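Hi,

Here is the model I promised to pass on. Have a look at it first, and then read my notes below.

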Amino acid sequence: MRGLLTEWLTAAGYAVLGRSPPGQPDLVIVNLYMPRQAGADVVRSVQQAHPGTPVIAISAQFRAGLDGSWWAARALGVRELIAKPFTRGDLLRAVQAVIGPAR
């Protein structure tokens, strides 16, 4: 998934830095439901390490009818939510909504 996101974002003109970028990133994209790590913990870690950095959350749990997951993500400070499966267009719309077009 990381490779696909990198490919799509790079092709759209965004610079992608990886897991632990140095300095203040413009945006962090997080999968909220991961096998060995809770997405909520990742969001909190990002917010501690990079206060003010916007977060986009990706998950299959955002399907229609699962409003609890949506509200939980918003309560954590997640700015945009992307439901799996998603398209390149879905990703780029969310990124542009949060940080604008690629520079």
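This is a predicted model: local features need pLDDT of at least 70, side-chain atom pairs count only at pLDDT 80 or more; totals for chains, interfaces and linings use all residues.

Before the notes, one term: I call a residue buried if its relative accessible area is under 20%, exposed if over 50%, and partly exposed in between (1.4 Å probe, protein chains only). Helices (H or I, at least four residues) and strands (E, at least two) are DSSP runs, numbered from the N terminus.

Residues are numbered from 1 along each chain as its sequence is written, and side-chain values use heavy atoms, with hydrogens and water left out.

The overall layout: the protein chain has four helices and three strands, and from the N terminus on they run α-β-α-β-α-β-α. Of its 103 residues, 35% count as buried. With contact meaning heavy atoms within 4.5 Å, 68% of the contacts between residues at least 6 apart in sequence join residues at least 24 apart.

On to the sheet. Two strands pair if DSSP finds at least two bridges between them. The three strands form an open sheet in the order E1-E2-E3, with parallel pairing. E1 and E3 are the edge strands, each pairing on one side only. Ignoring direction, neighbouring strands are turned by 20° against each other on average; axes here are lines fitted to C-alpha atoms (for helices, over the stretch in contact), and angles run from 0 to 180 degrees between N-to-C directions.

E2 is joined by four bridges to E1 (residues 28-31), where Asn 31 stands opposite Ile 58. Four bridges also link E2 to E3 (residues 80-83), and there Ser 59 stands opposite Ala 83.

Why is E2 (residues 55-59) largely enclosed by the rest of the structure? Five of its five residues are buried, so that is how the strand ends up. In a regular strand the side chains alternate between the two faces of the sheet. In E2 both faces are covered: Val 55, Ala 57 and Ser 59 are buried on one side, Ile 56 and Ile 58 on the other.

Val 55 is worth a click. This E2 residue counts as buried because its relative accessibility is 1%. Leaving out residues up to four places away in sequence, Val 55 touches Leu 27, Val 28, Val 30, Val 43, Val 46, Val 78, Arg 79 and Glu 80.

Then the helices. H4 (residues 88-99) lies across E1, E2 and E3, running at about 175° to E3. H1 (residues 2-11) packs with H4 at an angle of about 65°, their axes 10 Å apart. The two helices are therefore roughly perpendicular to each other (angles under 35 degrees count as roughly parallel, over 145 as roughly antiparallel, 65 to 115 as roughly perpendicular and the rest as oblique). The contact is made by Leu 5, Trp 8, Leu 9 and Ala 11 of H1 and Arg 88, Leu 91, Leu 92 and Val 95 of H4.

One last thing to check in your viewer: most peptide bonds are trans. The bond from Lys 84 to Pro 85, however, is cis, with omega near -10°, and Pro 85 sits in the loop between E3 and H4.

Cheers
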